[in-house]
Amino acid sequence: MDPCLKKIIEAAGISGYEKEIADIMCGELKKSCDQVQIDNFGNVIAKKGSGKKKIMLAAHMDEIGFMVKHITKEGYLHFIKVGGIDDRVLPAQRVIIKARKGDCIGVIGTKPPHLQKDEERKQPLKYEDMFIDIGCGSQAEAKKRVEIGDIAIFEPNAGVLNGKLYYGKAIDDRIGCYALIKIMERLSVDAEVYAVATGQEEVGLKGARTAAFNVSPDYAIAIDTTIAGDTPQISERESSLKLGEGVAITIIEASGRGVIVTEKMKDLLTDTAKKNKIKYQVDVIEGGVTDGAIISMNKEGVPTGVLSIPTRYIHSPTGVFHIDDLDAAIKLSVKAVEHLVKH
């Protein structure tokens with residue numbers, strides 16, 4: 001695994017607290033871009049090149065996570081979720097509390113099934129009934145390590161699952177951030193190209209709104225992840241996307257509540273992929289939206305495409321993706337920008 005990719009995946013940065021990953025993105029983008037800044041909202045905006053057209057590439061750098069809400073008298077931590085997390089994946093997961101006083105490891109606990117009554121077993125697990133165990137025996141001891149308002153992330157992990165299948169925390173959307181870095185390394189066009197690592201996507205696409213207003217692009221491409229359908233219990237009707245079959249070109253998000261990609265942009269992306277023999281799949285999404293939804297509505301409107309990397313187990317402690325699909329997203333983004341500049 002590329003050390004840069006591993007570093008990006010494992011970095012901390014839940015919505016609104018993206019400084020660690022933002023600093024990494026700044027450092028990497030400065031190697032290839034003319035200007036790099038962190039705006040008032042916390043987005044990383046890197047600019048390369050000059051010309052009449054402005055093209056914005058966006059990938060969100062925030063991840064789902066937690067925030068400490070209350071410390072019990074016994075020293076356990078109650079928490080809230082930041083971003084969309086399925087409560088069923090939480091029990092026994094290890095987390096890292098990014099406390100002001102230093103990192104603190106914890107384990108998410110809940111009532112053991114052995115002690116649950118029949119009626120309790122029938123009820124869905126709720127995060128409100130869980131807690132984080134940091135190994136302290138009292139509130140006073142716990143307060144020496146953590147504070148209310150401290151954030152927590154799933155324990156960092158990243159590596160090769162098998163062959164070209166990779167795994168890691170925060171795949172959504174750190175692999176998109178990695179793509180931004182590689183795209184800017186390769187691009188050399190007569191246009192202003194902006195690579196934007198957006199903040200707070202997971203809680204309302206907020207960074208994309210402010211960044212798009214700042215950049216005011218003529219065209220945009222959002223790079224994100226999408227749900228792969230090649231695991232048990234997912235039918236092809238729900239998702240026909242498969243790992244290793246190419247980057248996903250999105251046509252519509254959330255049945256139209258998100259971005260509806262224009263025919264011109266859709267044709268540009270598919271034709272460019274065919275011409276350059278880049279493997280791709282077509283993604284029609286019934287649920288879920290990307291930064292593209294907000295960018296496309298900036299000012300008088302921005303023609304916006306969405307390229308996504310199929311991923312298993314999105315919004316969980318560990319996601320899985322195929323490195324060839326990530327490479328396809330990078331290649332198609334570069335070729336698409338080159339086409340937009342010429343036409």
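Biologist: At what angle do α1 and α5 pack, and how far apart are their axes?

Modeller: The angle between α1 and α5 is about 140°, and their axes are 9 Å apart. An axis is a line fitted to C-alpha atoms, for helices over the stretch in contact, and angles run from 0 to 180 degrees between N-to-C directions. The elements are DSSP runs numbered from the N terminus: helices are H or I with at least four residues, strands E with at least two. This is a predicted model, in which local features need pLDDT of at least 70 and side-chain atom pairs count only at pLDDT 80 or more, while totals for chains, interfaces and linings use all residues. Residues are numbered from 1 along each chain as its sequence is written, and side-chain values use heavy atoms, with hydrogens and water left out.

Biologist: How are α1 and α5 oriented to each other?

Modeller: Angles under 35 degrees count as roughly parallel, over 145 as roughly antiparallel, 65 to 115 as roughly perpendicular and the rest as oblique. α1 and α5 are therefore oblique to each other.

Biologist: Which residues make the contact between α1 and α5?

Modeller: Contact means heavy atoms within 4.5 Å. From α1 come Cys4, Leu5, Ile8 and Ile9, and from α5 come Ile171, Arg174, Ile175, Cys177, Tyr178 and Ile181. By class there are 9 nonpolar, no polar and 1 charged. Here Ala, Val, Leu, Ile, Met, Phe, Trp, Tyr, Cys and Pro count as nonpolar, Asp, Glu, Lys and Arg as charged, and the others, Gly among them, as polar.

Biologist: Arg174 is in that list. Is Arg174 buried or exposed?

Modeller: Buried means under 20% relative accessible area, exposed over 50%, and partly exposed in between, with a 1.4 Å probe and protein chains only. Arg174 is buried, with a relative accessible area of 0%. Leaving aside neighbours within four places in sequence, the contacts of Arg174 include Ile8, Ile9, Ile21, Met61, Glu63 and Lys169.

Biologist: How does α1 pack against α2?

Modeller: Helix α1 (residues 3-10) and helix α2 (residues 19-29) form an angle of about 155°, with axes 9 Å apart. They are therefore roughly antiparallel to each other, and α1 passes α2 in a left-handed crossing. Cys4, Lys7 and Ile8 of α1 meet Ile21, Ile24, Met25 and Glu28 of α2. That contact has 5 nonpolar, no polar and 2 charged residues.

Biologist: What do the buried residues of α2 pack against?

Modeller: They pack against α1, β1 (35-38), β2 (44-48), α5 (171-186) and β12 (192-198). The buried residues themselves are Ile21, Ala22, Ile24, Met25, Cys26, Glu28 and Leu29.

Biologist: Which residues of α6 are buried?

Modeller: In helix α6 (residues 206-215) they are Gly207, Ala208, Ala211, Ala212 and Val215. Their arc around the axis, taken from the directions to the C-beta atoms, is only 125°, which puts them on the same side of α6. The face turned away from that buried side carries the exposed residues Arg209 and Phe213. The cover over the buried residues of α6 includes β2, β3 (54-60), β12 and α8 (291-295).

Biologist: What does Val215 touch?

Modeller: Not counting residues up to four places away in sequence, Val215 touches Ile45, Lys54, Met56 and Tyr194. Val215 and Ile45 are 170 residues apart along the chain, and their C-alpha atoms are separated by 8.7 Å. Val215 has a relative accessible area of 3%.

Key:
Left-handed = near helix turned anticlockwise from the far one by under 90°.
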